[in-house]
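Hi,

Here is the structure I promised to pass on.

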Amino acid sequence: MTHIQTSASGPALKSDPAAAEWNGPGRKNRAAPQPRGHRENLTGYLFMSPWIAGFLFLIAGPMVFSLYLAFTDYNLFDAPRWVGLQNFTDMFADPRWRQSVKVTSWYVLIGTPIKLAAALAVAMLLAQKRWGQSFYRAAFYAPSLIGASVSAAIVWRALFSDGAVVDRGQQLFGIDAGGWIGDPEMIIYALVGLTVWQFGAPMVIFLAGLKQVPKELYEAAEMDGAGSWRRFWSITLPMISPVLFFNVLLETIHSFQIFASAYIVSNGTCGPGDATLVYTCYLYDQGFANSRMGFASAMAWLLLVAVGLVTAVLFWSQKRWVHYEEDGR
Amino acid sequence: MSRTEATAPRRRLPGSLAWHLGALAILVVILYPVVWTIGASFKPSEDIVGALNLFPTDPITSNYRRLADGIADIPIWRFFLNSAYISVGSVIGVVFSCSLTAYAFTKVRFAGRKIMFTVMVGTLLLPYHVLIIPQYVIFQKLELINTFTPLLIGKFLATDAFFVFLMVQFMRGLPKELDEAARLDGCGHLRIYWSIVMPLCRPALITSAIFTFIQAWNDFMGPLLYLNEPDKYTVSMGLRMFIDQDAVADYGGMIAMSLVALLPVLAFFLAFQRYLIDGMATSGLKG
């Protein structure tokens with residue numbers, strides 16, 4: 001609206017600086033019904049300037065740069081050398097890269113569902129009003145904050161190593177497997193355990209969702225003779241599906257990017273025998289330990305594509321299983 | 001704030017006793033590693049991995065006293081000071097840059113706002129790892145490796161989309177009448193931002209501040225990439241040095257330092273857990 005008004009006051013304005021100046025902060029504009037407009041734009045951009053600078057220099061620019069690097073051979077010191085698709089063909093031929101894809105997929109596919117199931121189950125427990133409920137909520141949330149730290153990874157290493165608590169626990173059941181940390185088959189489950197232990201963050205989001213479900217629905221269903229399992233499938237799950245969607249999306253993206261815990265639990269080796277060589281561990285190894293910045297950039301772009309695909313599939317699938325309230329219940 | 005009415009005390013389902021037993025069982029699993037760590041920090045190194053008892057029969061304090069000697073000639077307060085510097089700097093950066101951005105998105109009607117908002121939300125889903133290599137190259141060319149700048153600059157440039165989003169959600173909930181009235185009284189945007197919106201946004205700002213502090217304190221990959229002189233190391237990196245030094249012999253010192261490293265996080269958590277948990281819940285709900 002404002003834009004039309006300014007241009008209506010004379011096309012000469014644009015070319016005549018004197019007229020513009022006169023018209024700018026002068027009285028004529030103040031009398032107009034909407035004195036803001038260009039000023040409002042300017043304020044907006046000024047307020048946004050940190051974000052705009054951050055986006056250009058730390059996100060968009062680097063992304064373009066890394067896309068370019070993905071097609072080059074670059075060791076940080078010599079100029080990047082264009083190699084076309086070489087990095088990508090190398091990658092598919094590289095058994096360690098394939099291993100990292102396998103480890104990461106396994107971690108995402110096992111860890112995310114278990115973590116979310118635990119979060120939902122506990123949230124349903126805590127949704128009932130009981131004495132001490134907020135204490136439990138806080139206590140269950142705590143690991144979500146310390147779980148990402150090096151401290152937690154060190155403790156995990158200690159708990160799951162040979163002869164330690166978990167090993168002894170297994171021995172009680174007559175399983176003598178040795179520690180999980182040294183076992184290439186089992187160490188990944190120690191990492192899964194560490195992520196499941198941090199179910200508190202999605203739990204809190206589930207709890208907020210559960211509180212929004214109108215209790216009349218449960219009462220009506222109960223009168224119709226629906227059992228608790230039936231009520232869970234037909235009421236709880238559809239009603240919290242937007243929140244479930246949000247959690248699935250966030251946790252999946254998050255799991256793809258696991259680094260610190262795998263790195264520390266395996267003592268910086270991503271082993272034993274590449275058993276914890278998650279994608280980002282290999283990316284770090286290639287980029288920063290072997291100075292193959294081009295190769296690592298290509299890896300990063302494939303990760304971006306994979307995460308983008310998963311996100312797209314999730315968004316596409318949400319039409320089938322996510323019910324927003326506008327759609328009717 | 002009062003969304004609690006909807007919770008139904010469903011009477012006929014598991015009785016109170018079963019509920020408390022269930023909750024307690026989960027609590028034991030959740031807290032076990034923490035309690036074990038506390039106990040282990042008072043055990044001699046050789047008893048830490050093998051012993052099954054949670055608490056030492058004969059508690060020692062030498063693990064903590066060993067921390068006073070520092071790691072590889074660096075006193076541990078150095079690591080804490082570095083971490084504190086980065087964490088506090090990050091908090092200041094995030095609180096101001098993200099709130100300015102969120103204010104512009106919610107209260108200023110400028111052209112291109114919708115597109116920028118979409119882009120901003122899009123960066124929420126962007127894997128960080130696409131950026132680490134180009135950013136590293138850029139900071140290397142600018143000769144900023146082994147300084148704290150690469151770890152801090154993003155915080156001052158509102159690249160933490162999560163917090164912008166959190167603040168936008170919060171500012172949308174503020175009554176419009178307030179800033180409209182202020183504008184009629186002749187207040188500019190800067191004045192409205194500073195005197196009206198910022199004070200009202202305290203809960204969202206505190207949530208962001210605590211999350212930022214804890215994230216920055218726990219961060220491992222950032223310092224691993226950008227810091228290469230031990231006297232610049234953060235607590236996370238100091239812990240990592242402990243493992244490198246010798247893993248078997250000094251388990252006790254390592255566990256003790258792990259615990260000490262968590263103290264600021266635990267203190268923040270105990271003091272502000274309400275804000276943290278509610279902040280987490282609101283950000284998820286409207287997402």
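First, the ground rules. This is a predicted model, where local features need pLDDT of at least 70, side-chain atom pairs count only at pLDDT 80 or more, and totals for chains, interfaces and linings use all residues. Residues are numbered from 1 along each chain as its sequence is written, chains are lettered from A and ligands numbered from 1 in the order in which they are written, and side-chain values use heavy atoms, with hydrogens and water left out.

**Chain A by itself**

Chain A has 18 helices and 2 strands; these are DSSP runs numbered from the N terminus, with helices being H or I of at least four residues and strands E of at least two. Of its 329 residues, 53% count as buried. Buried here means under 20% relative accessible area, exposed means over 50%, and partly exposed is in between (1.4 Å probe, protein chains only). Among contacts (heavy atoms within 4.5 Å) in chain A between residues at least 6 apart in sequence, 68% join residues at least 24 apart.

**Where A meets B**

In the interface, 99 residues of chain A are in contact with 101 residues of chain B. The two chains bury about 9,100 Å² between them, 75% of it on carbon and sulfur atoms. That area is the accessible area (1.4 Å probe) that two parts lose on being put together, summed over both. Phe47(A), Trp51(A) and Leu58(A) supply 9% of the area that chain A buries against chain B, more than any other three residues.

As for polar links, 10 residue pairs are in polar contact across the interface (both at pLDDT 80 or more). A polar contact is a pair of N or O atoms within 3.5 Å; within protein, one must be able to donate a hydrogen and the other to accept it, and residues adjacent in sequence count only if both atoms are side-chain atoms. Helix H5 of chain A (residues 38-69) gives the most to the side of chain A that touches chain B, with 21 residues. That side of chain A divides into 67 nonpolar, 20 polar and 12 charged residues. In this scheme Ala, Val, Leu, Ile, Met, Phe, Trp, Tyr, Cys and Pro count as nonpolar, Asp, Glu, Lys and Arg as charged, and the others, Gly among them, as polar.

Two residues show the contact up close. Asn41(A) is in helix H5 and is buried, with a relative accessible area of 18%. Leaving out residues up to four places away in sequence, Asn41(A) touches Arg109(B), Phe110(B) and Ala111(B). Ile146(A), found in helix H8 of chain A (residues 133-146), is buried at a relative accessible area of 7%.

**Salt bridges**

The count comes to 9 salt bridges over all chains, where a salt bridge is a side-chain nitrogen of Lys or Arg within 4 Å of a carboxyl oxygen of Asp or Glu. How many of them run between chain A and chain B? The count there is 1. Asp278(B) forms a salt bridge with Arg137(A), the closest N and O atoms being 3.7 Å apart.

Within chain A, Lys115(A) pairs with Glu251(A), with the closest N and O atoms 3.0 Å apart. The pair links distant parts of the chain, as Lys115(A) is in helix H7 and Glu251(A) in helix H15, 136 residues apart. Both residues are buried.

In chain B, the side chains of Asp179(B) and Lys107(B) meet in a salt bridge (3.3 Å, N to O). Asp179(B) lies in helix H9 (residues 176-184) and Lys107(B) in helix H4 (residues 76-107), so the pair ties together parts that are 72 residues apart in sequence. Asp179(B) is buried at 8% relative accessible area, and Lys107(B) counts as buried at 8% too.

Cheers
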